[in-house]
Amino acid sequence: MTAFEYDVVVIGAGPVGENVADRVVRGGLTAAIVERELVGGECSYWACMPTKALLRSASALRAARQLPGAREAVTGHLDAAAVLGRRDSFASHWKDDGQVSWLESAGIALHRGQGRIRSARVVHVTGVDGVTVTLTARHAVVVATGSSALLPDIPGLREAAPWSSREAASAASVPRRLAIIGGGVVAAEMATAFGALGSSVTVLARDGVLPSAEPFAGELVTESLREAGVPEHPGHRTGERRPGAGCLAGGRRHAARRRRRGMVVRRR
């Protein structure tokens, strides 16, 4: 088994992992990052960057419609394909070449694959080819693996293969109908974005919208969603998914080829 040794080994190439590795190298030590997906992590490809890009066009259109002199010039609606295309560019079309180049320029080693801590300061990394290498850290192993989707325990939901926030943020087309389970930040963003793009959106939020924020924030966002025609059902427990109700399944590349209905679940 091939072996490498560094001062610090970081598992996860998201913003936290990248910054930790960068600070380690700037401090005169050596660092390696282990990543099984894309360098840059959730923020660059499935969260902050693409979601803000999805929201921006509708935000600009709303602002123009509220401004005398500009509203008279607005005669059409959002071009969904153009909005999705702009989103794709912000996510670098789900390619991490630029982020990898930055790692190289910063002197940070990259090991692609699934990382597993085998013992104190020892990490095994198994690549897609099945080959495993051993990384030994002289000082520390940093775990910066981020979050994963939390699928509610609703009978029939898992079999329907609903969207998580990843599939929503990288959707290849706009579904006709979209049910969003949860009322957190991601739910509010996706409800706003897809509502503006033409989906019929319903938010199922047991604890209301933005329950972890100050009450006034949730009230303002709820009011904005209602004005946009997005109904929100607080205080309701989500029941069994009935056969034929339909959920859009699949990842970002093939979602458009399935039935154009969807369900988004929140993240943990």
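User: Where is histidine 93 found?
Analyst: In this predicted model, histidine 93 sits in the loop between α4 and α5.

User: What is its phi, for histidine 93?
Analyst: The phi of histidine 93 is near 55°, which is a positive value in a residue other than glycine. Most residues other than glycine have a negative phi.

User: Which loop holds serine 92, and what is the phi there?
Analyst: Serine 92 lies in the loop between α4 (80-90) and α5 (97-106). Serine 92 also has a positive phi, of about 55°, although it is not a glycine.

User: What is the relative accessible area of serine 92? And the relative accessibility of histidine 93?
Analyst: Serine 92 has a relative accessible area of 39% and is therefore partly exposed, between the limits of 20% and 50%. Histidine 93, at 44%, counts as partly exposed.

User: Turning to α8, what should its residues span?
Analyst: Helix α8 covers residues 215-227, and its 13 residues should span 18 Å at 1.5 Å a residue. The end C-alpha atoms are 18 Å apart, so the two values agree.

User: Which residues of α8 are buried?
Analyst: Ala217, Gly218, Thr222 and Leu225 are buried. They cover an arc of only 130° around the axis, so they are on the same side of α8.

User: What covers them?
Analyst: The cover over the buried residues of α8 includes α7 (185-196) and β9 (232-234).

User: Which exposed residues are on the face turned away?
Analyst: That face of α8 carries Phe216, Glu219, Leu220 and Glu227.

Notes
Residues are numbered from 1 along each chain as its sequence is written. This is a predicted model: local features need pLDDT of at least 70, side-chain atom pairs count only at pLDDT 80 or more; totals for chains, interfaces and linings use all residues. Side-chain values use heavy atoms; hydrogens and water are left out. Helices (H or I, at least four residues) and strands (E, at least two) are DSSP runs, numbered from the N terminus. Buried means under 20% relative accessible area, exposed over 50%, partly exposed in between (1.4 Å probe, protein chains only). The expected span of a helix is 1.5 Å times one less than its number of residues. The arc is that of the directions from the helix axis to the C-beta atoms. Contact means heavy atoms within 4.5 Å.
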